[in-house]
Amino acid sequence: MDHVFHRNSKSAYPIAATGEGPYLIDAAGKRYLDGSSGAAVSCLGHSDRDVIEAIKRQLERLPYAHTSFFSTEPMEALADELIARAPAGMQRVYFVSGGSEAIEAALKLARQYFVEIGQDQRRYVIGRRQSYHGNTLGALAVGGNMWRRQQFQPLLVDVAHVAPCYEYRERNSDETVEGYGRRLANELEAEIQRLGPESVIAFVAETVVGATLGAVPPVPEYFRLVREVCDRHGVLLILDEVMCGMGRTGSLYACEQEGIVPDMVCIAKGLGAGYQPIGATLVQGRIHDAIQRGSGFFQHGHTYIGHAVACAAALAVQRTFVERGLVERVRSLGVGLEARLRERLGSHPHVGDIRGRGFFWGVEFVAERATKATFDPALKINARVKAEALQLGLLCYPMGGTVDGVRGDHVLIAPPYIVTEAQLDELTDKLGRAVEATFSS
Ligand SMILES: Cc1ncc(COP(=O)(O)O)c(C=O)c1O
């Protein structure tokens, strides 16, 4: 009898037994090309020797020391490494164990920052519809995916939500791209005005929306306008780069391509690349300074923050990115991945949109291209594509509710940064066959 409380208790999961580069191999010996790096996690594939050796070395030296007593060498070195390449002005790194924790830390730190600087009337956070920031209660409250929130609503703090930047469906036909971005920034500003500009703490957004929308990049200028709105009202801009950060879009931080700098940025998946559970919240120097000058104590913390082995693993991952030029590789091979996806799937009658950046792509399915009509959610189109792909030995990350939390289907493609061109061919070929099989059955 199976005693694991699995994610889905109606599903049977194969046992993942070993990893070999971008492939996972199950206990029966079947090989799966990891076309989504799990959930955009395993950027270095599943058997990177340098990272494994770094973990072993740290385990031999020191597995763990509680952060209320000590700092550790790998934590200090990882913070240095991250700050050296972080968006301008980032000076401190708060380490946690995953993406949700990174968001929780950012939310609490944002509130405490204002308390420390004498603006304790600030109490509201604004998020965006159709965003995902994690499953802990604070992160879930900021997230805007209705299906995920619904049954937990009574437990969630009150967060305002504005529109996502989702050009494929939400830019009006008579609107320019610039006009669309401006309309969204205006909506944010109106929401800040409605809540009272002196009472808003932060605006939280994924730079490129991952799981819930399917790799949707912002339109040009959107984030520059958002930055201006936040600055006008002293509102902090917290970017969630848990999924889209650490090279996934072809730059180490996705916001580099927007030409803006956030007040805090949350990272996780590509930080440890799945070799250890780790996340982090990077903060502007002035935020840390306010705490240092004030109470001196960020009233937060978990037992495993800054775990020595997790930090050693992430340090090895980040150094590997640099030594092997992997972010540049994502940028250049990403062009070919896009071309392959468009060629293989672009004219399929049920593929409505292909969007993304670097090694981060979403394929959105529609019942009819002209009207962008969605499929009946009961058909579970996205789950069927996943199942067909699995049969063929390909992992892609499916999601339903793309449009409004209920309607819409997409799959996410996010291969490890180490894949070869031949493996990108394999990925697109298997995805194409999975899509064809889904719609022919
Ligand atoms: C954008 C984003 N933020 C936060 C999270 C939560 O991260 P975790 O599952 O590590 O708690 C995720 C996870 O998918 C995510 O994609």
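**Close-up 1. The E221–R224 pair.** In this predicted model, E221 and R224 join their side chains in a salt bridge, with N and O 2.4 Å apart. How exposed is E221? Its relative accessible area is 37%, so E221 falls in the partly exposed class. R224 also counts as partly exposed, at 34% relative accessibility.

**Close-up 2. R344 meets E436.** Here's another salt bridge, between the side chains of R344 and E436, at 2.8 Å from N to O. R344 sits in helix 13 (residues 326-345) and E436 in helix 15 (residues 421-440), so this pair ties together parts that are 92 residues apart in sequence. R344 has a relative accessible area of 28%, which makes it partly exposed, and E436 is partly exposed at 37%.

**Close-up 3. R61 and E73.** The side chains of R61 and E73 form a salt bridge too, 2.8 Å from N to O.

**Close-up 4. A salt-bridge network.** R169, D353, R355 and E364 are linked up in a network of salt bridges. Across the model, the count comes to 28 salt bridges.

**Close-up 5. Around the ligand.** The residues surrounding the ligand include S100, Y132, H133, E206, D240 and K269. By class, this shell has 3 nonpolar, 5 polar and 3 charged residues. A side-chain N or O atom of S100 is 2.5 Å from a ligand oxygen, while a polar side-chain atom of K269 lies 2.8 Å from an oxygen of the ligand. The ligand exposes 390 Å² when taken alone, and the protein buries 82% of that.

Notes. Residues numbered from 1 in each chain as written. Predicted model: local features only at pLDDT ≥ 70, side-chain atom pairs only at ≥ 80, totals over all residues. Heavy atoms only, no water. Near = heavy atom within 4 Å. Polar contact = N/O pair within 3.5 Å; in protein donor to acceptor, adjacent residues only side chain to side chain. Areas by Shrake-Rupley, 256 points an atom, 1.4 Å probe, with all protein chains shown as cover. Nonpolar A, V, L, I, M, F, W, Y, C, P; charged D, E, K, R; others polar. Salt bridge = Lys/Arg side-chain N within 4 Å of Asp/Glu carboxyl O. Buried < 20%, exposed > 50% of the residue type's maximum accessible area, 1.4 Å probe, protein only. Helix = DSSP H or I, 4+ residues; strand = E, 2+ residues; numbered from the N terminus.
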